[in-house]
Amino acid sequence: MRRLVSGNEACAEAALRAGIRFFGGYPITPSTEIAELMAEELPRVGGVFMQMEDEIASIMAIVGASAAGVPSMTATSGPGFSLMQEGIGYAAMTEIPVVVVDVMRGGPATGLPTKGSQGDLQQARWGTHGDHPVVVFAPRGVEETFALTLRAVDVSERLRVPVILLTDEFIGHMREIVSFPSRVEVYHRQRPRVASSEYVHYAEENNYNAPYASYGGGYAIHLTGLTHRADGFPINDAPTIRWNNERLRAKIEDNLAYLEDNYIDDDPDADTLIVAVGSSARSAYEAKLLTDKPLAYIRLLTLWPFPDATIHRLARGRKRVVVPEMNDGQLCREVQRCLSGDTELVSVTRNDGSMLTPQEVLEVL
Amino acid sequence: MRTEIRLSGRGGQGLILAGIVLAEACGVYEDKQVVQTQSYGPEARGGASRAEVIISDGQIRYPQAYDPDILVALSQPAFDRFAPKIKKSGLIFADSFYVHTDRKDVVLMPFSETARNEIGREVVTNVVMLGALSAVTDIVKLESLKKALKHRVRSAFLDLNLRAVDAGYKLGKEIWKKRSS
């Protein structure tokens, strides 16, 4: 069914259809409509909406609800996302699936509440301390917000990882047509198949679709943010520390192909490659259409893990790589790692609360 | 083909609702691609507020207006700010009560006076304007606007809005006839 909805509305609707049944949050522009809709709709489907006292409580509330077996989500923007970082690390360490939506606005600090930006691209990956697994999706518009919210819930539940959906004020408040599917496939967490006495919460079986128990589900489990053994209790010896770190890392590295998602429009005659993400990719693609020059183009739907190999392959032998974005060059830094030879890197940035225009991109093409 | 429409005026004149109704009419009831955006926050309260609608047969990449084909201005500050930023071949429709200009290419229309005098409520100026747009451009059909109004407007105010869109359509046809003759 075709309907005109905003990015924030599409996100809430997708979350409900993906099986999210707990939302803990604290309203913040430009993400508030997501919380408003969840507050209205969750009670109707037997879910719970809880407005917390702040974003630290919000992230820990969804971690707790998810540990108890309920697919859970929160939505916020820059200042709230900063406060949530510790909880995101806790979810990563304890392997509790949660979905955090960050509708980016201008920063730092309270910055620009009503204006968009892409200032959190690096924070989404490295905001919490320590090496940790995290998956970040970045839609370019409303219909993709719907699709990637579904995917965020799915990946989070299957891999037991925090998943972040990075949208921005432009996308959150923009209205576009979404063709809503009549049915959505939902993955349900697999419960352990062994008796409680034999259950190990962090067993070797740690991949895609591995079963895990919930708090209150009849299995004895111990959760801690401390480095732990397979049974969940804290430990300090080097081999176990390495085992714990490796376990978290493997979760992402073993699933790179499953997680990677790009839109690629290659042109073998092009000496320039454009690398773009999110809403500013729309400015980049419009610019590509406004010029007759052959151009290769890649847009990342999965921002993290970063598609190093794909960008390296696409950039190889090209004269230039152009990276347009709405911050001071966060994506550009990452692309630089993937380049070899004497490929020139051109950063196109706009960081004043307005959308990068196709003309600004066109100037460097 | 890509058509960019910018609806501008004061905060409170219903421009965002007008943008939503127009986008829904084209996107849901005429199967076109649409994007609707607006200025948001403090900027939208007082001063020049705006809503934009992009309509296209194909996929819409850049979601904002960068070379508007049509500008509607319901206030003088909005007119002064946005009238210079329009496509050379573009059309400007301005409210004849709130906007004064010597420019001969600007189409002045009594949107607010029609709402006040014929419907009895100035609050439906935005919907009168949509009816007139439908009459003088080919961006949207009157029937599609009515379907979108039925979906977006509370039932207690639906009759008022349907009368307003009809009055606007009639107004548009009359003014266009005068201009063409």
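A:Arg160 sits in the loop between helix H6 (142–159) and strand S8 (162–168) of chain A. Helices (H or I, at least four residues) and strands (E, at least two) are DSSP runs, numbered from the N terminus. The model is predicted: local features need pLDDT of at least 70, side-chain atom pairs count only at pLDDT 80 or more, and totals for chains, interfaces and linings use all residues. Residues are numbered from 1 along each chain as its sequence is written, while chains are lettered from A and ligands numbered from 1 in the order in which they are written.

Phi of A:Arg160 is near 55°, a positive value in a non-glycine residue. A:Arg160 counts as buried because it has 22 C-beta neighbours inside 10 Å. The cut-offs are 20 or more other C-beta atoms within 10 Å of a residue's own for buried, 12 or fewer for exposed, and partly exposed in between, with C-beta atoms placed from the backbone.

B:Asp31 also has a positive phi, about 60°, and is not a glycine. B:Asp31 lies in the loop between H1 and strand S2 (33–38) of chain B. This residue counts as exposed, because it has 11 C-beta neighbours inside 10 Å.

Helix H1 of chain B spans residues 15–27. Twelve of its 13 residues are buried, among them B:Leu15, B:Ile20 and B:Glu24.

Two cis peptide bonds may be described in chain A. One joins A:Gly107 and A:Pro108, with omega about 0°. A:Pro108 lies in the loop between strands S5 (98–106) and S6 (112–116). Another runs from A:Trp304 to A:Pro305, with omega near 0°. A:Pro305 is in the loop between strand S13 (302–304) and helix H11 (308–315).

Note on methods
Expected span 1.5 Å × (residues − 1).
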